[in-house]
Amino acid sequence: MSRRKTERLLNLVVCLLATRRFLTAEQIRRAVPGYPDSDEAFKRMFERDKEELRELGVPLEVGSDQQGGGGEEIGYRIPPQAYELPDIHLTPDEAAVLGLAARVWQRASMAEAASGALLKLRAAGVETDVPTAVGIEPRVNTQDPAFPVLWEAVRDGRPVAFDYQGIGRTSMSRRHLEPWGVVSRRGRWYVVGFDLDRDEQRVFRLSRIVGDVKADGPAGAVTVPDGVDVRRIAFDWGDPVNEPRPATVRLRRGAAQGPRRWAKDVRPVPAGELDGAWDGEWDEAVLTFRDVDRFAPYLARFADDVVVLDPPDLREAMIQQLKSVLACAERPARPADGTVNGS
Amino acid sequence: MTAKTGGAAGRPAAAKTAATTSTDRLGRLLALVPYVVNRDSVALGEAAAAFGVTEKQLIDDLNLLWCVELRAPDPYCPIDLSYEGGEITVAEAESIARPLRLKVDEASALLVALRMLAGIPGLDDRDALSRLIAKLESAAGTAAAASSQVSVEVDAYSGSADPDRTGLALLRDAIARGRRVHLSYYVPARDENTERDVDPMRLLVVEGNTYLEGWCRRAEAVRLFKLDRITDLAVLDVPAQVPDDAEPIDVDAGLFRPSPQDEAVTLELTPRGRWVADYYPCESVEELGEGRLRVVLRTPDTRWVRGLALRLGDQGRVVEPGALAATVHDDAARALARYGMT
């Protein structure tokens with residue numbers, strides 16, 4: 001940290017805020033202490049200083065005014081109305097909610113931005129140490145390495161490129177995306193945008209991006225089409241294709257607590273209805289499902305504590321699911337070193 | 001599944017870097033002046049706390065403000081500043097007496113968080129929330145626009161149609177009044193319904209799900225309870241007694257933190273089974289080529305892995321430990337026998 005640099009930048013801000021006219025680089029050099037004598041060194045330092053002010057969010061206006069001493073030459077100023085945070089007054093309940101919101105990003109990549117915002121609001125006179133009555137502490141994690149780059153790309157309207165390993169794909173593929181937004185559900189982050197390779201809107205999960213996300217064009221190159229709601233694109237998969245259907249199942253007494261939580265018409269099966277293959281006590285119940293391909297794997301979890309009686313397609317799917325488990329389990333594990341055990 | 005306290009952190013915690021670049025420091029100075037101006041005078045200690053710096057650092061910052069002097073074209077009066085007797089006052093600082101506008105990142109960080117809060121069911125501060133969002137949007141101006149391109153969804157679990165009877169409302173009430181609660185709680189990892197008395201500590205929304213953190217009198221430890229797994233809830237007429245040494249769970253370090261004593265389970269996954277690596281915290285993930293993966297999980301209880309293997313079908317299988325793989329095989333064979341297949 002350079003004290004002299006901070007001092008120079010502070011003087012530069014005060015100088016450019018105080019002026020109504022555009023000040024040329026030369027005028028600034030004379031007004032602000034701390035710039036070097038060499039023209040070349042001054043030019044380099046001034047360029048860096050301008051960049052730092054922009055990073056800090058200082059609205060540096062570039063232009064010229066004929067009436068001023070600068071003539072046609074390009075000059076700089078900071079318009080106070082563009083610099084200053086407008087007046088903001090919060091009631092105590094609003095301030096309490098603000099404190100809660102600022103803590104949401106704790107330790108995540110937006111945390112720094114949130115505390116920066118809080119600092120400015122405090123500076124504007126807002127009291128943020130108001131105890132919250134809400135009683136809930138929400139947290140958002142943005143640990144995906146791709147998050148910061150993608151958020152900046154969305155913010156700046158910049159196209160990106162990355163390697164992506166989709167589920168069910170045998171290899172990664174290079175994707176070129178115009179990002180429209182980043183959204184999170186159940187702690188998982190997704191980027192929504194226009195996929196330039198597929199020529200349509202697509203959703204990518206950040207955890208499946210391999211390696212770095214690279215800028216793939218200039219800032220401002222991406223325009224989000226009117227009416228795009230990134231949340232709907234990411235999470236609204238339309239109405240389910242299948243109508244809900246009832247399934248008749250047998251549940252072992254005292255087991256399969258998961259399905260029992262939403263089972264209907266649970267009734268004990270009289271011992272007389274159970275032949276020798278049915279050990280112990282059983283209940284019969286009705287479960288509602290839509291998608292055989294999802295429901296069969298879910299029920300398979302409960303092994304021989306859940307048995308599907310009807311409908312036949314679900315019953316068949318259960319049999320295939322369990323057979324595939326057997327087939328996988330029976331495949332001999334390959335020795336790690338590639339040699340075959342001679343047992 | 002209840003998360004455990006202690007144990008090795010699964011993921012490295014983001015290092016909190018001290019902001020000490022000259023740009024950061026300039027940002028602090030530009031906020032410090034209006035902070036003091038807006039309050040007429042501020043105690044050194046109070047200002048240091050508000051800005052997250054030591055008093056020494058703060059004095060160093062204040063000394064920098066003394067250095068403001070412009071030589072030309074309009075000679076500028078130095079800022080009149082004092083921190084005598086530990087009270088800071090600032091005068092003659094008109095040009096920087098207002099804080100800088102919010103940057104896009106800053107406005108977005110707050111607005112995205114506030115809109116996420118608005119998605120939490122049973123929040124009775126909704127009115128303050130929408131007023132605050134409107135005020136911030138107006139203060140941020142154009143910097144607020146990009147925030148609509150980021151969104152965090154919260155699963156709208158309430159447990160009851162009556163807003164006063166939701167699990168969330170009952171638990172908030174129990175926390176506010178310091179009451180013990182009785183939970184019927186479903187543990188999917190063991191497919192068990194459990195009954196337990198819990199002294200509530202706080203409610204958390206992590207990874208889009210709502211949790212109760214509390215001292216579980218059955219486990220005699222701090223536990224997290226996912227609200228949508230609470231099947232029955234009663235607020236007891238007994239004061240909550242959270243032991244003084246009960247440490248809140250550091251949820252920022254990840255919800256599931258395996259302990260080195262846990263058993264290691266190795267799974268091999270086909271390309272279609274890769275989702276497992278997304279959903280479960282893996283100790284290691286190894287690419288086997290053609291989209292296949294080998295992952296190692298650590299778990300104190302392998303029962304749920306049996307269920308996972310049955311659910312995976314041909315998407316993956318247990319490799320190690322061999323005994324667990326054999327159990328999965330037996331589970332599938334017994335289940336098939338119920339369908340008349342042997």
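**Close-up views of a predicted two-chain model**

**View 1. Strands from the two chains pair across the contact.** Strand E6 (residues 173-185) of chain A runs parallel to strand E4 (residues 150-153) of chain B, and four bridges join them. Here, two strands pair if DSSP finds at least two bridges between them. Helices (H or I, at least four residues) and strands (E, at least two) are DSSP runs, numbered from the N terminus. Within this pairing, Ser184(A) stands opposite Val152(B) in E4(B). The model is predicted, so local features need pLDDT of at least 70 and side-chain atom pairs count only at pLDDT 80 or more, while totals for chains, interfaces and linings use all residues. Residues are numbered from 1 along each chain as its sequence is written, and chains are lettered from A and ligands numbered from 1 in the order in which they are written.

**View 2. The contact between chain A and chain B.** Chain A contributes 108 residues to the contact, and chain B contributes 108 residues. The side of chain A that touches chain B comprises 62 nonpolar, 22 polar and 24 charged residues. In this classification, Ala, Val, Leu, Ile, Met, Phe, Trp, Tyr, Cys and Pro count as nonpolar, Asp, Glu, Lys and Arg as charged, and the others, Gly among them, as polar. Two residues are in contact if their C-beta atoms, placed from the backbone, lie within 7 Å.

**View 3. The largest nonpolar core.** This core has 141 residues, and those with the most contacts inside it are Val13(A), Ala101(A), Ala114(A), Leu150(A), Leu110(B) and Ala113(B). Its largest share, ten residues, comes from helix H4 (residues 104-118) of chain B. Apart from this core lies another, of 39 residues, including Trp282(A) and Val306(A). A nonpolar core is a set of buried Ala, Val, Leu, Ile, Met, Phe, Trp, Tyr and Cys residues joined through C-beta atoms within 7 Å. A residue is buried if 20 or more other C-beta atoms lie within 10 Å of its own, exposed if 12 or fewer, and partly exposed in between, with C-beta atoms placed from the backbone. Not counting residues up to four places away in sequence, Val13(A) touches Leu53(A), Val58(A), Ile78(A), Leu30(B) and Ile96(B).

**View 4. Cis peptide bonds in the two chains.** Most peptide bonds are trans. In chain A, a cis peptide bond joins Asp310(A) and Pro311(A), with omega about 0°. Pro311(A) is placed in the loop between strand E13 (306-310) and helix H11 (312-330) of chain A. In chain B, a cis peptide bond joins Glu320(B) and Pro321(B), with omega about -10°. The loop that holds Pro321(B) lies between strand E13 (316-320) and helix H9 (322-338) of chain B.

**View 5. Loop residues with positive phi.** Most residues other than glycine have a negative phi. Asp199(A) has a positive phi, near 60°, and is found in the loop between strand E7 (188-195) and strand E8 (200-205) of chain A. Asp199(A) counts as exposed because it has 8 C-beta neighbours inside 10 Å. Glu220(B) also has a positive phi, near 50°, and lies in the loop between strand E7 (209-216) and strand E8 (221-226) of chain B. Glu220(B) counts as exposed because it has 10 C-beta neighbours inside 10 Å.
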